[in-house]
Amino acid sequence: MTHVVTSNCTGCRFTECVTVCPVECFHGDAERLYIDPGLCIDCGACIPLCPVKAIYDLVDVPAAQREWIAINAERAAPLPVMRAKQAALPDAEAQRVALGFA
Amino acid sequence: MAVQAQIAIVGSGPAGFYTAEALLRAGLDCSIGLYERLPAPYGLVRYGVAPDHPKLKSVTAVFDRIAADPRIRYCGGVEVGRDVTLAELEAHHHAVVLACGSPIGRQLGVTGETLDGVMSSATFVGWYNAHPDDAAVQPQLDHPTAAVIGMGNVAMDVCRLLCTDVGNLAGHDAAPAALAALAGSRVREVHLIARGAPGAAKCTVKELRELGALPGLAVRFAREAAVFEAGEPTDLVSEWRALAARPDPPYIERTLHVHFYSAPVAFEGAGRLAALRLRDSSGAATTERVIQCGLAVTCIGYRGRPPAGVPLDDRSGVVPNAGGRVRATRAGSRAGLYVVGWLKRGPTGVIGTNRADAVETAACVMEDLSGSAIEPRAGSAAIEALLRARAVRPIDFAAWQQLDRWERERGLACGAARVKVSGLPEAYAVLDAAASTPA
């Protein structure tokens with residue numbers, strides 16, 4: 001089991017989640033974050049912090065988002081760990097509104 | 001040469017460890033004394049997280065990594081206020097961070113709360129998790145009905161422990177005495193009682209789902225309509241609705257009765273709890289209801305117990321602070337004194353919440369220390385000298401790791417992940433025995 005960062009993160013990357021991860025399992029690139037499933041302990045601390053509801057417990061990942069399970073597992077580990085809050089991406093606020101999380 | 005900052009952290013739960021990590025990561029040239037009153041570190045990860053949640057406990061690997069930093073001096077078995085005073089810590093360090101949590105169960109403040117059979121979650125959770133302070137606790141499991149008051153994750157844990165098959169708990173790190181008592185438990189009906197609405201429950205969807213998933217558990221609602229009140233349901237309310245709508249298991253072993261809008265009025269009984277009296281808190285009814293029960297566990301929060309002389313806000317149960325700086329009182333400034341974790345923000349959040357919290361407190365420490373030149377202080381070396389003079393024997397991290405191995409080995413013998421050391425006397429005995437055995 002693990003938690004999974006799904007498509008809503010892409011282009012937002014608000015990074016509130018990384019500040020409460022007890023095991024620092026978030027990794028990121030210029031566009032978004034990924035969770036390393038080998039490290040995540042399923043505490044769920046990150047879920048309520050995401051402004052665009054991008055993070056799901058593995059068992060709750062919506063059918064249309066299930067591809068992200070494998071993408072998180074593949075991409076997370078080689079990318080740098082994100083442990084501190086970063087500035088959100090420039091279009092993050094606009095995208096938040098577009099996603100319906102005004 | 002710049003003066004090295006001497007920092008003391010009181011308490012080695014998540015808040016204490018994450019504060020140490022944040023200070024070191026921020027590049028502070030410092031030495032950190034980490035003081036723990038119990039024989040083992042990790043605070044509520046060890047003594048709060050339920051035994052059937054082993055994955056959460058794997059976070060201790062992170063704390064071990066932090067403790068391995070040579071700038072941290074870990075001292076277990078040392079109680080501030082008993083073995084060393086807060087004033088002594090303050091005199092020998094530039095900053096003292098209180099990370100000693102909220103160990104006291106909140107009281108409902110209704111009559112009968114001191115009856116035998118009524119206990120707070122602090123005691124009940126300490127009992128099944130083998131907390132040294134709760135070794136003598138014996139919950140009343142000889143009556144078929146128990147009540148759990150509160151609707152946070154702790155209430156969910158307590159309900160799950162009362163409703164699960166004891167086989168699901170064995171194999172982890174629960175107290176052997178608790179496992180034996182739960183194996184003989186006669187509890188078949190558990191009443192979960194909350195003052196508020198289904199949507200106001202403080203538990204997470206995950207914990208509620210886990211409770212609902214117990215095999216053989218039927219769920220009843222005292223007033224099912226409350227679960228289907230109008231309005232867009234939150235994820236949590238949807239989970240309550242799913243529980244209300246699902247069929248009973250083919251064979252009912254235990255039943256969970258959920259009561260919303262129900263406020264305890266009194267615990268009744270002659271010496272021992274016999275009944276819990278509830279009133280309707282929605283205003284819809286004026287009649288009181290009585291639940292006959294032999295055990296009631298109040299899971300309504302916790303209060304801090306800081307060292308003597310530190311102010312505690314009576315209403316919130318936390319140390320008054322601004323971002324982690326302990327506020328000055330009429331008695332004077334508390335410059336150099338900080339607070340983090342539950343003692344700072346109250347008993348909310350999960351393990352990781354303390355990481356962000358610790359970063360905030362550590363930033364206050366950094367800012368205050370960088371403001372002006374500091375004079376050299378002796379730090380943990382002075383405290384350890386005081387402890388030696390008082391014949392107090394700190395358990396350093398290497399000694400804890402020895403205890404950790406001993407606990408795991410003891411677990412192997414009974415098919416458990418570990419059997420926890422019962423308290424300081426046993427810890428010292430184990431360490432002495434290991435020292436006298438030739439390698």
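Predicted model: local features only at pLDDT ≥ 70, side-chain atom pairs only at ≥ 80, totals over all residues.
## Chain A at a glance

Let's start with chain A. Its secondary structure comes to 2 helices and 4 strands.

How does the radius of gyration of chain A agree with that of a compact globule? For 102 residues, the globule rule gives a value near 13 Å, and chain A comes in at 12 Å, so the two agree. If you want a box for chain A, its C-alpha atoms fill one of roughly 35 × 30 × 20 Å along the principal axes.

## Chain B at a glance

Chain B carries 15 helices and 18 strands. With 439 residues, a compact globule would sit near 22 Å in radius of gyration; chain B has 23 Å, so this chain agrees with the rule as well. Its C-alpha trace spans about 70 × 55 × 40 Å along the principal axes.

## Two domains in chain B

Chain B splits into domain 1, made of 5-103 + 303-394, and domain 2, which covers 107-300. Domain 1 is therefore written as two stretches of the sequence, with the range of domain 2 falling between them.

Which residues make up the contact between them? On one side there are 8 residues of domain 1, and on the other 14 residues of domain 2. The domain 1 side divides into 6 nonpolar residues, 1 polar and 1 charged.

## Where the chains meet

Now for the contact between the chains. Chain B puts in 15 residues and chain A puts in 11. On the chain B side, helix H3 (54-57) and helix H12 (353-370) each supply at least two residues. Which of the elements gives the most to that side? H12(B) does, with 4 residues.

By class, the side of chain B that touches chain A has 8 nonpolar, 4 polar and 3 charged residues.

## H1 against H12

H12(B) turns up again inside chain B, where it packs against helix H1 (residues 14-25) at an angle of about 50°, with the axes 8 Å apart. That angle makes H1(B) oblique to H12(B). The crossing of the pair is right-handed.

On the H1(B) side, the contact uses Pro14(B), Ala15(B), Tyr18(B), Thr19(B), Ala22(B) and Leu23(B). From H12(B), the partners include Asn354(B), Arg355(B), Asp357(B), Ala358(B) and Val365(B). By class, this contact has 9 nonpolar, 3 polar and 2 charged residues.

## H7 against H9

Helix H7 (residues 153-163) and helix H9 (residues 205-212) of chain B pack at about 15°, and their axes are 10 Å apart. Is the pair roughly parallel or roughly perpendicular? The angle makes H7(B) roughly parallel to H9(B). H7(B) passes H9(B) in a left-handed crossing.

H7(B) brings Asn153(B), Met156(B), Cys159(B) and Arg160(B) to the contact, while H9(B) brings Glu207(B), Leu208(B), Glu210(B) and Leu211(B). By class, the contact has 4 nonpolar, 1 polar and 3 charged residues.

## H14 against H15

One more helix pair in chain B: helix H14 (residues 397-413) and helix H15 (residues 424-436), with an angle of about 95° and axes 10 Å apart. These two helices are therefore roughly perpendicular to each other.

From H14(B), Ala399(B), Gln402(B), Leu403(B) and Trp406(B) meet Ala427(B), Val430(B), Leu431(B) and Ala434(B) of H15(B). What classes of residue does this contact have? By class there are 7 nonpolar residues, 1 polar and no charged ones.

Notes:
Residues numbered from 1 in each chain as written. Chains lettered and ligands numbered in written order. Contact = placed C-beta atoms within 7 Å. Nonpolar A, V, L, I, M, F, W, Y, C, P; charged D, E, K, R; others polar. Axes fitted to C-alpha atoms, helices over the stretch in contact; angles between N-to-C directions. Parallel < 35°, antiparallel > 145°, perpendicular 65-115°, else oblique. Left-handed = near helix turned anticlockwise from the far one by under 90°. Rg over C-alpha atoms; globule rule 2.2 N^0.38 Å.
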